[in-house]
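This briefing is meant to be read beside the sequence and the 3D structure.

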Amino acid sequence: MSSGQKLASFGPVPEEEKLLHKKLELSCKAVMLFRYQGNEFDLSNPEDPFVTLIDILNELRAVQKRRVPHLQDHFASGDLSSRFAAFEKWIETTSGVKTSEFPVKVADNLAEGNGMVATKDIKVDDTLFRIPTGLFMSEKTACESLSIAWLRNKDQLCAEFPSVVLGLHVMQERLLGASSKWAPYLDVLPSSYDLAITYSVRELNALRPSFLYGKAVDRMLNLIRQFCYLWEEFELMEKTKDTTVVDPPVSVENFTYENFEWAMCTVLSRQNAVPSSSADSSENQAPKAMLALVPFYDMVNHAEGEMKTFFNPKENAIECAAMHDAKPNEQVFMCYGVRNNLEFLLYQGFVYGEHKNDTTQVPFSIPEVPRETFEKRKYLVQQLVGEKPEIHVVVCRNGTVSPIGLQVLRICALKENEIPETEFPATFCQEPLSDSNEMAALLLLKTACEVQLERLLASRKSLDLPHASTIAAFKEAEILNLNQGIATATDTRVRLRKRMKNRSRRRKK
């Protein structure tokens with residue numbers, strides 16, 4: 001945003017809305033205190049503090065929506081095909097890059113919605129496109145706005161969370177309407193997202209007993225806290241504009257939860273870490289990373305495969321190569337990196353069913369044994385994973401367990417005489433201690449997976465909810481991971497038992 005540009009305005013905030021803001025802020029603080037005291041939410045209880053918070057938030061959203069429209073619906077005009085045509089023309093006008101020369105084009109009629117399809121035969125490693133940094137919306141371009149730059153330097157929230165800086169950048173530019181430099185790009189962004197942090201209370205509750213349930217609730221709570229904090233901050237900046245020098249990046253009257261949520265979902269689902277130009281090249285330092293939205297690049301859908309994206313410093317651009325062959329009109333995919341389905345649903349809003357490297361967090365409790373042995377095991381586990389209210393062991397789609405998960409299981413299978421009395425190295429239990437310890441550790445794994453599997457199977461219900469099919473697909477993926485974990489633990493125990501028997505027979509001979 002350059003000086004002199006005017007943001008859209010939708011009228012002053014009525015007293016009713018201000019009161020709801022205060023009510024939301026107080027409720028948010030009550031929820032944080034409730035959580036700090038170690039209490040768990042019960043989203044099936046209408047009087048639960050988190051449910052009450054969401055009720056107040058929905059009331060505020062309804063009041064705000066009567067006054068301020070959804071920014072994307074308000075500014076993104078014309079049919080999608082014409083908007084995409086304007087977007088591609090903008091890329092050429094702004095950067096000189098002709099998308100017509102790419103072997104791919106944007107398509108808006110795919111099963112996933114928008115995506116990329118081939119315009120000619122493509123082979124693995126063929127260059128698909130090159131997007132120069134001049135098109136990026138980044139932390140750097142955000143700070144071209146005096147108000148955002150001021151917050152980035154002075155405000156703790158904006159200093160610690162660059163995604164919030166980028167979210168405010170998106171919101172500010174969207175409020176500029178057609179006068180924004182990035183208007184053609186913003187016009188082709190979705191008007192809504194399916195990230196788990198946008199779910200209703202019933203949908204959040206339907207995620208139980210998955211680890212995703214707690215993560216989604218925490219992320220939604222963080223978003224609400226950020227909104228409350230920024231609203232208060234912007235209100236204070238407006239009241240003291242004579243002394244703070246700058247106006248807020250978004251006026252209080254325009255800063256609604258619906259539009260803040262949309263801007264943050266845009267960032268969370270599309271952000272990439274790219275090199276900045278802040279490194280001192282004279283000292284041969286690698287450039288620091290910054291968050292950025294990369295137009296065109298962020299419209300390629302995900303599939304499992306090899307990552308073929310890199311930053312070309314000579315061209316000062318992101319380059320993307322093909323990770324698979326494609327014929328004309330076939331969809332072209334890229335790999336989003338090492339993410340499991342929990343992260344995909346939390347940050348992208350989809351479940352990838354064919355995920356060969358998916359993982360599931362399995363709740364695990366240190367076995368109840370004589371108190372002294374229990375405390376020793378607990379101490380050893382805490383040295384590995386820290387003091388956490390609940391321990392989770394990561395089970396992979398292929399049935400294997402994360403290295404630190406195996407360490408935890410082996411420690412919890414230690415007999416009293418196997419527990420070290422003194423300090424132990426970080427490598428302790430990274431390798432099997434003995435066949436008997438490994439057998440006991442695998443039994444703990446098998447039991448934990450079976451308990452979680454039973455809970456997941458019991459939670460499968462036919463739900464009349466907007467995201468019911470996605471929730472069901474996520475749970476099916478978790479069930480598959482758990483079954484693989486059980487099968488691997490069972491098979492390995494059979495092999496170990498056979499080896500132990502053979503060893504015993506040899507000793508008797």
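The model is a predicted one, in which local features need pLDDT of at least 70 and side-chain atom pairs count only at pLDDT 80 or more, while totals for chains, interfaces and linings use all residues. Residues are numbered from 1 along each chain as its sequence is written, and side-chain values use heavy atoms, with hydrogens and water left out. Helices (H or I, at least four residues) and strands (E, at least two) are DSSP runs numbered from the N terminus.

**Packing of two helices**

- Helix α16 (residues 403-412) packs with helix α17 (residues 435-459) at an angle of about 110°, their axes being 8 Å apart; axes here are lines fitted to C-alpha atoms, for helices over the stretch in contact, and angles run from 0 to 180 degrees between N-to-C directions.
- The two helices α16 and α17 are therefore roughly perpendicular to each other, a term that covers angles of 65 to 115 degrees, whereas those under 35 count as roughly parallel, those over 145 as roughly antiparallel and the rest as oblique.
- The residues that make the contact (heavy atoms within 4.5 Å) are L409, R410 and C412 on the α16 side, and N437, E438, A441, L444 and L445 on the α17 side.
- Sorted by class, the contact of α16 with α17 has five nonpolar, one polar and two charged residues, where Ala, Val, Leu, Ile, Met, Phe, Trp, Tyr, Cys and Pro count as nonpolar, Asp, Glu, Lys and Arg as charged, and the others, Gly among them, as polar.

**Salt bridges**

- Side chains of opposite charge can pair when their charged atoms come close.
- With a salt bridge defined as a side-chain nitrogen of Lys or Arg within 4 Å of a carboxyl oxygen of Asp or Glu, the count comes to 22 salt bridges.
- One of them joins D298 and R270 at 3.1 Å, N to O; because D298 lies in the loop between β6 (289-293) and β7 (301-302) and R270 in helix α13 (residues 257-270), the pair ties together parts that are 28 residues apart in sequence.
- Both D298 and R270 are buried, where buried means under 20% relative accessible area, exposed over 50% and partly exposed in between (1.4 Å probe, protein chains only).
- K376 and E372 also meet in a salt bridge, at 3.5 Å, N to O, and, being four residues apart in helix α15 (residues 371-385), they are separated by about one helical turn.
- Within this pair, K376 counts as buried at 19% relative accessibility, whereas E372 is exposed, with a relative accessible area of 55%.
- E450 forms a salt bridge with K446, their closest N and O atoms being 2.7 Å apart, and both residues lie in helix α17, four residues apart, about one turn of the helix.
- E450 is partly exposed, its relative accessible area being 33%.
- Salt bridges that share partners join D125, E306 and K308 into one network.

**Two single residues**

- W182, found in the loop between α8 (162-175) and α9 (183-186), counts as buried at 2% relative accessibility.
- Leaving aside neighbours within four places in sequence, W182 is in contact with W90, L135, F136, M137, T141, H169 and E173.
- R497 has its place in helix α18 (residues 468-508) and counts as partly exposed at 34% relative accessibility.
- R497 and V332 are 165 residues apart in sequence, and their C-alpha atoms are 48 Å apart in space.
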